[in-house]
Amino acid sequence: MDERRTVKVSKYLSKHLRHQPERIGITLDANGWVPIDTLLRAMARNNVPLTRAELDHVVAVNDKRRFAVENDRIRASQGHTVPVDLDLPPAEPPAYLYHGTVGHALDSIRSEGLRPMNRTHVHLSPDRETATRVGARRGRPVVLSVDTGAMHRAGHTFHVSANGVWLTASVPPEFLRFR
Ligand code: HQG
């Protein structure tokens, strides 16, 4: 399978496993999983035929390990806008995590902090380099440091996804460093 098709299928999977499962007639379970045979049948019906071996390849080579396969089921590891409970245990974050955004969001972020917007959680990165890439999806990236140690001590809950993205409900502005 060539690189172009691999990326195309990965985007297709993100779209339907995170945002619009109903568009191809599948239903995610409460934890975001769908049986792989159900997914492959739905893809065939929607003119995107994919074999199990091809799916396994897309999952295995994905640059951000976006998908998890377990017991012949698949789910997106993070990034959902449909309400799913990833059922991840609470995790103690490092002292600082990072958030990549863009300049025009800063005034609003300064006053209301980070909100999940359309997604189920605010997504935080373990290092500045990753956060820079996240911000760059939207324009010239701006990286904020988040005092996650202080948030944790103040009782905020954190989870880490299977692919190393940190998730929390929101980040009040007092925990953000705009440097
Ligand atoms: C911004 C990708 C105004 C926030 C990435 C961001 C990540 C606010 C945008 C994952 C705000 C939401 C998630 C506020 C937050 N006022 N703007 N109060 N609070 N924002 O895409 O973090 O490649 O939902 O800064 O790598 O950019 O798809 O979140 O710019 O892990 O696998 O609102 O998506 O993963 O954008 O990205 P998003 P995100 P994948």
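Two strands are taken to pair if DSSP finds at least two bridges between them, and strands themselves (E, at least two residues), like helices (H or I, at least four), are DSSP runs numbered from the N terminus. By that rule β5 and β8 pair, running antiparallel and joined by three bridges. The model is predicted, so local features need pLDDT of at least 70 and side-chain atom pairs count only at pLDDT 80 or more, while totals for chains, interfaces and linings use all residues. Residues are numbered from 1 along each chain as its sequence is written.

**Sheet**
- The open sheet holds three strands in the order β5-β8-β7, with antiparallel pairing.
- Because β5 (122-124) and β7 stand at the edges with a single partner strand each, one side of each is left without a neighbour in the sheet.
- Val 122 has Thr 168 in β8 as its bridge partner.

**Ligand shell**
- Domain 1 (3-76) and domain 2 (97-177) both give residues to the shell around the ligand, so it lies between them; the domain bounds come from an automatic or database domain assignment.
- Helix α4 (residues 106-112) supplies the largest share of this shell, three residues.

**Asn 163**
- Asn 163 lies in the loop between β7 (159-160) and β8 (166-168).
- The C-alpha atoms of Asn 163 and Thr 132, which are 31 residues apart along the chain, are separated by 17 Å.
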